[in-house]
Amino acid sequence: MNARRIRARDVFQSAGLYCLTDSKLSCGRNNLTIVEQMLSAGLRIVQYREKNQSQLTMYKECLAIRDLTRSFGATFIVNDDIALAMAVCADGVHVGQDDLPVPAVRLLVGESMLIGLSTHTPEQAQAAVRLGADYIGVGPVYSTLTKKDVGNPVGLSYVDYVAKNIALASVAIGGINAANVAEVIRHGADCAAMISDIVSAADISQQIQLVQTLIKQARRLRG
Ligand code: TZP
Ligand code: MG
């Protein structure tokens, strides 16, 4: 395994929880307020995921989030937008199956940026290894209202498959909340990604701390 993949595995395994922004679900609070509360509560990885905003707005938000994540020593990943990830010196960029292929992304971003790839099937997970992804999204595990164009839930059997067969860091995503995060971790996901359960929470700090406790307990049970 190359050094970047080892770094990705360390980052995702030690974090356990990965939170994504979504201003539409944030109950009127802006992304910066949300991210600051997440980081203050101990979150170690943040993804900027924002739809339908101008490039300038996204750039300004990402610059501020870059400063915040750096001051907390946290990892910052930008969804979809490779130019934006590069312009703000993000630690990583996350792409989907219909975006630029991973080797093309690698040519653009250089050698040190982490590349995450969303996967939904064993074939896509195997391809992610061949193509050079540093970590994979695994999902949607459960049904979700947050992403409209997402396919049917892949269920825990795909989480199991990835844990047993794919050496890359795995991030389970889709419909994960405080009630089901433990089973996702018990099924072998390195990390759980969450949007609505965190950004829509009345008390973001309390919700993060609750979920982090549940993840730690589930890991202890998994052994
Ligand atoms: N990719 C697969 S499902 C999903 C994304 C971005 C949305 C996850 O949001 P939530 O609110 O945690 O279900
Ligand atoms: Mg995408």
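**View 1. Polar contacts between the protein and ligand 1.** In this predicted model, a polar side-chain atom of T144 lies 2.6 Å from an oxygen atom of ligand 1, a polar contact being a pair of N or O atoms within 3.5 Å. A backbone N or O atom of G175 lies 2.7 Å from an oxygen atom of ligand 1, and a polar backbone atom of I195 is found 2.9 Å from an oxygen atom of the ligand. Taken alone, ligand 1 exposes 370 Å², of which the protein buries 94%, with accessible areas from the Shrake-Rupley method and a 1.4 Å probe. This is a predicted model, in which local features need pLDDT of at least 70 and side-chain atom pairs count only at pLDDT 80 or more, whereas totals for chains, interfaces and linings use all residues. Residues are numbered from 1 along each chain as its sequence is written, chains are lettered from A and ligands numbered from 1 in the order in which they are written, and side-chain values use heavy atoms, with hydrogens and water left out.

**View 2. The shell of residues around ligand 1.** The residues around the ligand, each with a heavy atom within 4 Å of it, include R49, K147, V150, I173 and M194. By class, the shell around ligand 1 divides into 4 nonpolar, 5 polar and 2 charged residues, where Gly counts as polar and Asp, Glu, Lys and Arg count as charged.

**View 3. Two tyrosines in helix α7.** Y158 and Y161 both belong to helix α7, which covers residues 155-165, and they are 3 residues apart, about one turn of the helix. The centres of their rings are 6.5 Å apart and the planes stand at 15°, so the pair of Y158 and Y161 is stacked; rings of Phe, Tyr and Trp (its six-membered ring) pair if their centres lie within 6.5 Å, and planes under 30 degrees apart count as stacked, over 60 as edge-to-face and the rest as tilted.

**View 4. Backbone features in two loops.** Most residues other than glycine have a negative phi, and most peptide bonds are trans. The peptide bond from G139 to P140 is cis, with omega near 0°, and P140 lies in the loop between β6 (135-138) and α7. N52, although not a glycine, has a positive phi of about 65°, and N52 is found in the loop between β2 (45-48) and α3 (55-72). Helices (H or I, at least four residues) and strands (E, at least two) are DSSP runs, numbered from the N terminus.

Note on methods
Polar contact = N/O pair within 3.5 Å; in protein donor to acceptor, adjacent residues only side chain to side chain.
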